[in-house]
Structures are given as structure tokens and as C-alpha cells.
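Reader: I am new to this structure. Please take a close look at one part, the surroundings of the ligand, and then say what lies beyond.

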Amino acid sequence: MENIRQAIERALAEGAPRPGVRNAAPSIPRRPLAEAHYEPSASKYEEAFLDDAHLRQGRVISQDLTDPLARSFDMLRTQLLQLMDGKKWKIVAVTSPTPACGKTVTSLNLALSVSRLQDRPVMVIDLDFARPMVAEVLGLSPSVVIGNVLEGTQKLSHAVIHAHVGKQELKVVPCSSMVGSAELMASRNMETLFRELRADFDSHVIIIDLPPILVSDDVITVLPWVDCILLVAAVGVSTVAQIEECKKHLQWAEVARVVLTKASESKTHLYYQYYGLAGRKG
Ligand SMILES: Nc1ncnc2c1ncn2[C@@H]1O[C@H](COP(=O)(O)OP(=O)(O)OP(=O)(O)O)[C@@H](O)[C@H]1O
Ligand SMILES: [Mg+2]
């Protein structure tokens, strides 16, 4: 099993990607929802055309090959896909110790980076019922969400949005806040959902935007159904104690990579702490 210490060592190793070492986009006020426009089509899924300016306001920049910040996500993509392909893994879940570490921004930039590769279909699923943000950051206003699928009132295919930005495309399954989400996360329908994903979207890289590990048991509930974890920690937000706590929760999980975000927003305090952590045994 890859443990978190090894993953952090790799993240800090020379040349390893650190998405968000700089801000992924200038911090400017967000625009309202539903920037994407929808068009009728013959596609099996609802189609939406995303607005590049709206994406950038949410720090999503990987749709643009020429954006220098996209390179960090491309490096993360390449390393992650090498590992996933080698192990025949399909589903990576993105989590963090506590809220607001950059999970959603990382998930979406990673997905758009994957979508620039040929023959690499990619899907993002928002499973953060407490703070569902994928639809908002993408500018979508979905009528069907993953909660409806887990309740059994809608088919998965009805919740899938086929999103386009320029020539790139990705599939998105949005989420909305729901009462009783803990029960949904632990339901038999969740098991069914993951079986369906593996069967119907076999060729896809599936990225799950999860809640933080340390605020509920949602992540632990979903761990058996995913192949590996991307742990997002933010400089100035995450502490070594939190990472150690995550380590306990993730001891049976495959931690594919640790991503450090927001490094420019504070001094490199956590960065050096990580070196300390990496130097420890166990
Ligand atoms: N690399 C980064 N550099 C600077 N700011 C960032 C970076 N990544 C994300 N942010 C900002 O931090 C905030 C939280 O980001 P995001 O929503 O991606 O985090 P999250 O971990 O998904 O949060 P939540 O726990 O609420 O779901 C947002 O305002 C986002 O724009
Ligand atoms: Mg989020």
C-alpha cells in the first residue's frame, strides 16, 4: 500500500507537480450561476457548453493548453494516469483533511487536463453533499443530480451532463445539498452506482469530488468503491496533525498523490513541515 508519507515525499520531490503553487487564476468576484448554455442534441446525455470566462473566475484554467498554470495539472495528470493505467484503476477520489483546501478546483482542472488527451474520456462526479460546488464552478444549473440517482428516483444517465469547452469535452454528474446524505452515501444504491459506473463508463477516467475526511464519515463510507485517493492539502490551511489523522483513516486506501495548493497565499510553513513528516518513520 502506498502510504501518505511516501506520497508526500513524492509531492515534494524535485519536479513533482504542485498545482496551485501559484493561484490558478486571479481572484476576482464570481459571476452568477448558469453561465453554460444548453443545446438540444441527439446525444444520450444533456449537453452543455461551458463559458471559459466563468471557468477562469472559479480558477479552472486547464481547458487552455497555453495557460502556464495548466502545466502543473498536466504533470499531475500524467503521473496519475501512469499509475492508474499500470494498476488498471479507473476511479480516483479527491479529498482533503478539512474544507476549502482546493478539492473542487483540483478535480476540475485535472479533468480538463485529461480531456485534452486523445481517447481519454473523463467524468467528474460531485459527491460532496455538504458543499456541492462542481455545478456552480462550471456554470451549470442541473435539473437532475446524483442525489436523485441514489434515492432511486432517476437513472444515472439522466444525471450525466455532457459538457463541452472549446473542443474538449467531459461528463459531469452534479450534486446538490441534501438532508440525509449520510444515509445515501451508505446505501445499497451507492454500491449499485459504482457498479454501474464501472460497467457503463469503463473507458473513462472517473474523478470523484468528495467531502473532507475529518468532518464526516462520508469519505470512509465511499473508500471501498474507489480505486485510489488524491489528497489535497492547502498551505496555511492544513496542519501536520490533520495529515497524520488522515493517515489513520486512509491506512487501507491507495493514496496515489498528495497535492499541495495555495502555496503562494502564505509562507512555505507547511512545505517545511511536510519535509519533517517525510523524514519520520512509519
Ligand atoms: N491552488 C489554489 N490557489 C489559490 N486558491 C485556491 C486554489 N485552489 C482553490 N482555491 C480557492 O480556495 C477556495 C476553495 O477551493 P475549492 O472549492 O476547490 O476547495 P474545496 O476543498 O473543494 O472546498 P470544500 O471543502 O468547500 O468543498 C476557492 O475560493 C478556490 O477558488
Ligand atoms: Mg469542494
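**The shell around ligand 1**

Ligand 1 is surrounded by 15 residues, and the closest are R59, K103, T104, V105 and R131; a residue is near a molecule if one of its heavy atoms lies within 4 Å of it. This is a predicted model in which local features need pLDDT of at least 70 and side-chain atom pairs count only at pLDDT 80 or more, while totals for chains, interfaces and linings use all residues. Residues are numbered from 1 along each chain as its sequence is written, chains are lettered from A and ligands numbered from 1 in the order in which they are written, and side-chain values use heavy atoms, with hydrogens and water left out.

By class, this shell holds 4 nonpolar, 5 polar and 6 charged residues (Ala, Val, Leu, Ile, Met, Phe, Trp, Tyr, Cys and Pro count as nonpolar, Asp, Glu, Lys and Arg as charged, and the others, Gly among them, as polar). Helix α4 (residues 103–115) provides the largest share, 3 residues; helices are DSSP runs (H or I, at least four residues), numbered from the N terminus.

Polar contacts are pairs of N or O atoms within 3.5 Å. R131 has a polar side-chain atom 2.4 Å from an oxygen atom of ligand 1. The backbone also takes part: an N or O atom of V105 lies 2.9 Å from a ligand 1 oxygen, and a polar backbone atom of C101 is 3.1 Å from an oxygen of ligand 1. Of the 620 Å² of accessible area that ligand 1 has on its own, the protein covers 85% (Shrake-Rupley method, 1.4 Å probe).

Terms used
Polar contact = N/O pair within 3.5 Å; in protein donor to acceptor, adjacent residues only side chain to side chain. Helix = DSSP H or I, 4+ residues; strand = E, 2+ residues; numbered from the N terminus.
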